[in-house]
Amino acid sequence: MRVLGVDPGLTRCGVGVVEGVAGRPLTMLGVGVVRTAADAELGHRLVAIERGIEEWLDAHRPEFVAVERVFSQHNVRTVMGTAQASAVAMLCASRRGIPVALHTPSEVKAAVTGSGRADKAQVGAMVTRLLRLDTPPKPADAADALALAICHIWRAPALNRLQQAHAQHSVRKVTR
């Protein structure tokens, strides 16, 4: 399974591609950050993020895109920017027919570190270890994008089984 992880942000949008299956060693295929100038017009920033994500999709051809689910913060402006960057990533993937999964920050942290309250340094250290890298990816947004991809690879089999069970249950209810 090849997954593009996206840690959405208007100034720094982390992107990382991981390939593998649950229970086997994982391989990092690429990691980086799509950057925009903080003083640029919002529309131009969103177009730059779109172009950057499209380049990553073209270069790596992921089967899935995992995006961090936007959660409530005290700073509404930050939440809005994160949500807008997230929507761009989801749109780019959906336009190509690539399934999109949303994972909360605590789900990602728990998947890669064992604790949903892990800090950025712990996430970076575990991503480095899990992908057998020499140094943690910088900035933290890049490491977070890889963590999203890892989380999805590990959680996807269980999520698929849950979705199938739910679908079968729904079909049984309708046919009764």
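Biologist: Where is His60 found?

Modeller: His60 is found in helix H1; helices are DSSP runs of H or I with at least four residues, and strands are runs of E with at least two, numbered from the N terminus. This is a predicted model, in which local features need pLDDT of at least 70 and side-chain atom pairs count only at pLDDT 80 or more, while totals for chains, interfaces and linings use all residues. Residues are numbered from 1 along each chain as its sequence is written, and side-chain values use heavy atoms, with hydrogens and water left out.

Biologist: Does His60 count as buried or exposed, and why?

Modeller: His60 counts as buried because its relative accessibility is 15%. Buried means under 20% relative accessible area, exposed means over 50%, and partly exposed is in between, with a 1.4 Å probe and protein chains only.

Biologist: Which residues does His60 touch?

Modeller: Not counting residues up to four places away in sequence, His60 touches Arg2, Val17, Leu29 and Gly30. Contact means heavy atoms within 4.5 Å.

Biologist: Now the sheet. What is the strand order?

Modeller: The order is S3-S2-S1-S4-S5, in an open sheet of 5 strands with mixed pairing. Two strands pair if DSSP finds at least two bridges between them. Strand S3 (27–35) and strand S5 (100–103) are the edge strands, each pairing on one side only.

Biologist: How many bridges do S1 and S2 have?

Modeller: S1 and S2 pair over 6 bridges, in the antiparallel sense, and a hairpin of 4 residues joins S1 to S2. Gly5 stands opposite Gly16 in S2.

Biologist: And what joins S2 to S3?

Modeller: S2 and S3 run antiparallel and are joined by 8 bridges; Val18 stands opposite Met28 in S3. S2 is mostly covered, with 6 of its 8 residues buried.

Biologist: In which sense do S1 and S4 pair, parallel or antiparallel?

Modeller: Strand S1 (residues 2–7) and strand S4 (residues 64–68) pair in the parallel sense, over 4 bridges. The bridge partner of Val3 in S4 is Phe64. As for helix H1 (residues 42–60), it packs on the sheet, touching S1, strand S2 (12–19), S3 and S4, and its direction makes about 165 degrees with that of S3. Axes are lines fitted to C-alpha atoms, for helices over the stretch in contact, and angles run from 0 to 180 degrees between N-to-C directions.

Biologist: Where does H2 lie?

Modeller: Helix H2 (residues 76–95) lies across S1, S4 and S5, running at about 170 degrees to S4.

Biologist: How do the axes of H1 and H2 cross?

Modeller: The axes of H1 and H2 come within 9 Å and cross at roughly 40 degrees. That makes H1 oblique to H2, since angles under 35 degrees count as roughly parallel, over 145 as roughly antiparallel, 65 to 115 as roughly perpendicular and the rest as oblique. Residues making the contact include Leu46 and Ile53 of H1 and Ala85 and Val88 of H2.

Biologist: Which residues have the most contacts inside the largest nonpolar core?

Modeller: They are Leu4, Val6, Ile49, Ile53, Leu57 and Val65, in a core of 19 residues. A nonpolar core is a set of buried Ala, Val, Leu, Ile, Met, Phe, Trp, Tyr and Cys residues joined through side-chain atoms within 4.5 Å. H2 gives the most to this core, with 5 residues.
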